[in-house]
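The following paragraphs go through the structure, beginning with a pair of helices and then turning to the annotated domains and the ligand.

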Amino acid sequence: VDRIKHDAPVLVIGLGRFGAATAGQLDRLGREVLAIDDNDTLVQKWSERITHTVQADARNIDALRQIGAGEFSIAVVAVGSSIEASVLITANLVDLKVPQIWAKAISKSHGKILERIGANHVIYPEAEAGERVAHLVSGRMLDFIEFDDDFALVKMFPPKPIRGKNLTESGVRSRHNITVVGVKSPGKPFTYATEKTVVTDHDIIIVSGTSSDIEKFSALE
Ligand code: ADP
């Protein structure tokens, strides 16, 4: 797979809640964005905040050709509630040979169809947000990133058994298979952890490890 330039312009199709957030953030990051929606009111609304907006029906491949969709190396299909439109639009982008297609799905079967027709990345915003909230409400985790390969980076309050000791004494790595990456005490800057770092009651730690090891670690009493 060719690497896509990190500043390549992005085509965003659909200016609903998900598409508008994607396009708006890309725009704030300074990326060139062309956002399209078939609803003219939405296009008008977002035209002040997003540099390039166009009204078009993306189910129509000729309309996509006319706005130069085939020139983009990255496209985001942010149409979810109409599965038929999402599928047709994704198929059009595949036909136009857009190399990186991200598409939002509202269900597993929707996602499977998108993958079959050639979407490179399928996103499930609601399912992902729900899983995230489950993690956050059920323990000490304050924030987390879970990578595809069962590896996670988590910000959390330290479990009791590791408080008041340095990392070697508490055996975080040997006993729990977890690496403490950094520690933050209230009012002090974040520091990288060493074996000698002592974790106290009011600290916040950043840890890395497999998702299941972190899950167990965060549940320690
Ligand atoms: P969200 O849940 O993120 O708000 P929706 O799926 O409800 O997402 O919103 C999809 C957006 O995509 C709507 O603004 C809709 O007007 C737009 N849209 C739907 N079909 C097409 C199409 N064929 N071409 C362009 N835009 C479309």
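**Helix packing, domains and ligand shell**

Helix H4 (residues 83-95) packs against helix H5 (residues 108-117) at an angle of about 15°, and their axes are 9 Å apart. H4 is therefore roughly parallel to H5, a term for angles under 35 degrees. Axes are lines fitted to C-alpha atoms, for helices over the stretch in contact, and angles run from 0 to 180 degrees between N-to-C directions. Helices (H or I, at least four residues) and strands (E, at least two) are DSSP runs, numbered from the N terminus. H4 and H5 cross in a right-handed manner, that is, the near helix is turned clockwise from the far one by less than a right angle. H4 contributes Ile83, Val87, Thr90, Ala91 and Val94 to the contact, and H5 contributes His110, Ile113, Leu114 and Ile117 (C-beta atoms, placed from the backbone, within 7 Å). Seven of these residues are nonpolar, two are polar and none is charged.

The model is predicted: local features need pLDDT of at least 70, side-chain atom pairs count only at pLDDT 80 or more, and totals for chains, interfaces and linings use all residues. Residues are numbered from 1 along each chain as its sequence is written.

An unreviewed UniProt entry annotates residues 7-123 as "domain: RCK N-terminal". This span is 42% helix and 21% strand, with its end C-alpha atoms 21 Å apart. The UniProt annotation "domain: RCK C-terminal", also from an unreviewed entry, covers residues 139-221. Here the end C-alpha atoms lie 11 Å apart, and the span is 20% helix and 39% strand.

The ligand is surrounded by 21 residues, the closest being Gly14, Gly16, Arg17, Phe18 and Ala58 (C-beta atom, placed from the backbone, within 6 Å). H1 gives the most to this shell, with three residues.

Key. UniProt positions renumbered as here; feature names shortened; annotations may be inferred. Parallel < 35°, antiparallel > 145°, perpendicular 65-115°, else oblique. Contact = placed C-beta atoms within 7 Å. Nonpolar A, V, L, I, M, F, W, Y, C, P; charged D, E, K, R; others polar.
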